[in-house]
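Reader: I am new to this structure and would like to be walked through it. Could we begin with a pocket?

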Amino acid sequence: MSLVSALGTAILPVLSVAAVGFLLGKSRDVDVDPLGTVTLYVLTPALIFHSLATSEISGGLAAKLIGGVVVFTLAMVGLAEGVGRLLGETEPALSALVLSSSFPNAGNYGIPLSAFAFGAVGRSTAVLYIAGQSVLMYTVGVYLASRGDESDLRSAAIEVFRLPLVYAVVAAWLARWLGVVPASDTAAMETLKLVGDAAIPVMLLMLGIQLANTQHGAAISRVGVSNGLKLFVAPLVGVGVALLLGLGSNPAVARVFVLECGMPAAVTPLILSIEYDSGGDSGLTGPEYVSTAIFASTVASVVTLTGLIALLQSGMLI
C-alpha cells in the first residue's frame with residue numbers, strides 16, 4: 001500500500017468524522033460526558049462482545065495479544081520514566097510525560113483506524129488491545145497520575161471491576177468456550193452488531209470534540225519528548241514485543257498490534273491527571289501537559305500513521 005493509498009483509505013475517513021466533531025465542539029457548547037457514559041456503558045460493551053464472540057482469533061493468540069499489551073505498556077513506562085528523569089523533569093510534568101508516552105489512543109482513534117486499515121481482523125484485534133489497556137490504565141495509570149498525591153491507590157483495583165468492558169470480554173469468551181454464541185443472523189447478534197457499530201462514529205466525534213476543547217499553546221515546547229516517544233519509539237517497541245511473544249505467527253494480528261502501539265496519546269490519562277492534579281512546576285500542571293501532548297501527537301499522527309500503515313501493509317515491518 002502506498003502512502004497516498006494509506007492516507008486515502010485509512011486515515012482520511014477517520015479524520016473526516018473527527019473533524020465534524022471538532023467543528024461541532026468549536027461551534028457549540030457540547031458536553032462530552034454523556035456521550036462518554038453511553039459509549040462506555042452501552043456501545044463499547046456491545047462492540048467488544050460482538051467482535052470477540054465472532055472473531056476468528058483463537059484463545060491462545062488472544063492471550064498472547066493481551067500479554068503483549070502488558071509488556072509494551074510496562075516497557076514504555078520504564079523508558080519514558082528513565083528519559084524524563086535524565087532530562088530533569090519533576091512532578092507533575094514527569095508523570096504527565098510518562099502517561100502521555102505510554103498509553104496510545106487505542107479506543108476512539110485506534111479501533112476505527114484499525115478497522116479501516118485491516119478490516120474485521122483489525123477491529124477484533126483493536127478491541128482486545130483496548131480491553132487489556134483499560135485494566136492497565138486504571139491500575140498503572142492511576143498510580144502514575146496520583147503518585148504525587150496522597151490518595152488511596154486501592155481505589156484503582158476497584159475501578160477495574162466497574163468497567164463494563166471487562167465483563168463483556170469475560171462474557172464473550174465464556175460464550176465461545178461453552179459453544180453458545182448465537183448465529184450471526186439471529187436478532188440478538190444483529191442487535192449487538194447494530195449497537196456496537198455505533199461506537200465507532202461516536203468515538204470519533206468524541207475525539208474531535210475533546211480536541212476542540214483542549215487547551216494548549218504555552219506547553220507546546222515541553223511535549224516534544226513525549227510525542228517523539230509516542231509516535232516514533234513506541235511502534236518500534238511494539239514490533240519488538242510482537243516478535244518476542246510470537247505474534248508474527250498471525251501477521252495481520254501482529255500488524256494491528258503494532259499500529260495500536262503507534263497511536264497518539266490517549267485521552268483517558270487527561271481525565272486521570274485532572275482527578276489527581278496537585279499543581280504545577282513553573283506554572284505547568286499535569287493536565288496542561290497531557291492535553292497539549294494529546295493535541296500535538298494527534299495532529300502529527302496524520303503523517304506518522306500514514307507511513308506506519310503503508311509499512312505494515314507492505315510487510316516491511318512485520
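Reader: Which residues lie nearest the centre of the second largest pocket?
Author: Ser55, Glu56, Ala120, Val121 and Ser124 lie nearest its centre, among 13 lining residues. A pocket is an open set of points on a 1 Å grid over the protein atoms alone, where a 1.4 Å probe fits, with protein on both sides within 12 Å along at least five of seven lines; lining residues have an atom within 4 Å of a point. The model is predicted: local features need pLDDT of at least 70, side-chain atom pairs count only at pLDDT 80 or more, and totals for chains, interfaces and linings use all residues. Residues are numbered from 1 along each chain as its sequence is written, and side-chain values use heavy atoms, leaving out hydrogens and water.

Reader: Which element gives the most to that lining?
Author: Helix α5 does, with 4 residues. Helices are DSSP runs (H or I, at least four residues), numbered from the N terminus.

Reader: Now to His50: which helix is it found in?
Author: His50 belongs to α2, residues 32–53.

Reader: Is His50 buried or exposed?
Author: His50 has a relative accessible area of 7%, so it is buried (under 20%, with a 1.4 Å probe and protein chains only; exposed is over 50%).

Reader: What does His50 touch?
Author: Not counting residues up to four places away in sequence, His50 touches Arg123, Met189, Leu192 and Lys193 (heavy atoms within 4.5 Å).

Definitions and conventions: Helix = DSSP H or I, 4+ residues; strand = E, 2+ residues; numbered from the N terminus.
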